[in-house]
Amino acid sequence: MTKIGLALGGGAALGWAHIGVIRALYNESIPIHSVAGTSIGSVVGAAIVENKLDHLEDLARNVKVATILKFLDPSFKRGSMLGGRTVMAELHRHFGQICIEDMDMPYCAVAADLVSGKDIWIKEGPIVKAVRASISLPGLFAPVHRGPHILADGGLINPVPVDAARSLGVDKVIAVNLQADYKGRAKAAGLQAHEPLPRRATVNITRASMGLMLRSLTAARFQIHPADVLISPEIGHIEVGDFTKADELITCGERAVYDKLDALKALLP
């Protein structure tokens, strides 16, 4: 039997597209034997291995502005704007004290070590702490101390962790890249040739530039660690911080799978 692993990339709110990808893979009877995730990919990955994808999808589809405000936990102490206590409480509510090594499916959360500058693959210990480290976007959430490491968002180094996914003992890796659609992001930001810059040019240029940097970093990583099948939903038109677009993102994730269905089926014996 061919063992297939998932490498789920980071992208904040764009991560809801991962749910559509997983739904489509399940619908097409493409098995998943392990998951490695960066940032929001680690959240979705944890939901997969603990069979809580229904709960996550329900939460995603019902996010409102008031929901987002509820999760804000302002804290300007110790290197972050948000304290993360509400997020931790929500993670504990769904995953409790479950440890990664006790799960039925191999799992890895990827974080970046601010001390050594290397990516850290978390394959053991409480899943809540692993996810919390992987989503610790600098300036937003405080980094997590783990032994000799100070861990921040894994997307700083490894936006789509194909190599971490392969380390879980699989034969093939399906990678989901949420940062590929830069043209869509530039268009949404109003950055078009022969057109005047939009009024909020500074903000738009900054957002687009961050997207370009992440796309370039991801492409460089793929040159070293290519996936067997790469799924890249066309979601550049959606802002990475807009968690209210789950319905559209899930649909885009499903569509991206069917665009690569022949290649996905070819992975199976």
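At what angle do helix 3 and helix 10 pack, and how far apart are their axes? The legends below, which describe close-up views of a predicted model, begin with this pair.

**View 1. Helix 3 packed with helix 10.** Helix 3, which covers residues 53-61, packs with helix 10, which covers residues 246-259, at an angle of about 130 degrees, and their axes are 8 Å apart. That angle makes helix 3 oblique to helix 10. On the side of helix 3 the contact is made by Glu-57, Ala-60 and Arg-61, and on the side of helix 10 by Ala-246, Asp-247 and Ile-250. Sorted by class, this contact of helix 3 with helix 10 has three nonpolar and three charged residues, and no polar ones.

**View 2. Helix 2 packed with helix 6.** Two packed helices are described by the angle between their axes and the distance between the axes. For helix 2 (residues 40-49) and helix 6 (residues 127-134), the angle is about 155 degrees and the axes are 9 Å apart. Because angles over 145 degrees count as roughly antiparallel, helix 2 and helix 6 are described as roughly antiparallel to each other. Helix 2 contributes Ser-42, Val-43, Ala-46 and Val-49 to the contact, while helix 6 contributes Ile-127, Val-131 and Ser-134. In the contact of helix 2 with helix 6, five residues are nonpolar, two are polar and none is charged.

**View 3. Strand 4 and the strands that pair with it.** Strand 4, formed by residues 107-113, is mostly covered, with seven of its seven residues buried. In a regular strand the side chains alternate between the two faces of the sheet. In strand 4 both faces are covered, with Tyr-107, Ala-109, Ala-111 and Asp-113 buried on one side and Cys-108, Val-110 and Ala-112 buried on the other. Strand 2 (residues 34-38) runs parallel to strand 4 and is joined to it by four bridges, and Gly-37 has Ala-109 of strand 4 as its bridge partner. Strand 8 (residues 149-153) pairs with strand 4 in the antiparallel sense over three bridges, among them one in which Asp-153 of strand 8 is the partner of Ala-111.

View 4. Strand 4 and strand 5 pair in the antiparallel sense over four bridges. Ala-109 has Ile-122 of strand 5 as its bridge partner, and Ala-112 stands opposite Asp-119 in strand 5. The hairpin has five residues between the strands, and Gly-117 takes a positive phi near 80 degrees.

**View 5. Helix 1 and the residue that follows.** Helix 1 (residues 16-27) has twelve residues and reaches 17 Å from its first C-alpha to its last, close to the 16 Å expected at 1.5 Å a residue. Ten of these twelve residues are buried, so helix 1 is largely enclosed by the rest of the structure. Among the buried residues are Trp-16, His-18 and Arg-23. Helix 1 is followed by Ser-29, which has a positive phi near 60 degrees.

View 6. Helix 9 (residues 201-224) has 24 residues and reaches 35 Å from its first C-alpha to its last, close to the 34 Å expected at 1.5 Å a residue. The buried residues of helix 9 include Asn-204, Gly-211, Arg-221 and Phe-222, and what covers the buried residues of this helix includes strand 5, helix 7 and strand 10. Ala-227 lies in the loop between helix 9 and strand 10 and, at 23% relative accessibility, counts as partly exposed. Leaving aside neighbours within four places in sequence, Ala-227 is in contact with Val-162, Arg-166, Val-173 and Ala-175.

Methods
Residues are numbered from 1 along each chain as its sequence is written. This is a predicted model: local features need pLDDT of at least 70, side-chain atom pairs count only at pLDDT 80 or more; totals for chains, interfaces and linings use all residues. Side-chain values use heavy atoms; hydrogens and water are left out. Axes are lines fitted to C-alpha atoms, for helices over the stretch in contact, and angles run from 0 to 180 degrees between N-to-C directions. Helices (H or I, at least four residues) and strands (E, at least two) are DSSP runs, numbered from the N terminus. Angles under 35 degrees count as roughly parallel, over 145 as roughly antiparallel, 65 to 115 as roughly perpendicular and the rest as oblique. Contact means heavy atoms within 4.5 Å. Ala, Val, Leu, Ile, Met, Phe, Trp, Tyr, Cys and Pro count as nonpolar, Asp, Glu, Lys and Arg as charged, and the others, Gly among them, as polar. The expected span of a helix is 1.5 Å times one less than its number of residues. Buried means under 20% relative accessible area, exposed over 50%, partly exposed in between (1.4 Å probe, protein chains only). Two strands pair if DSSP finds at least two bridges between them.
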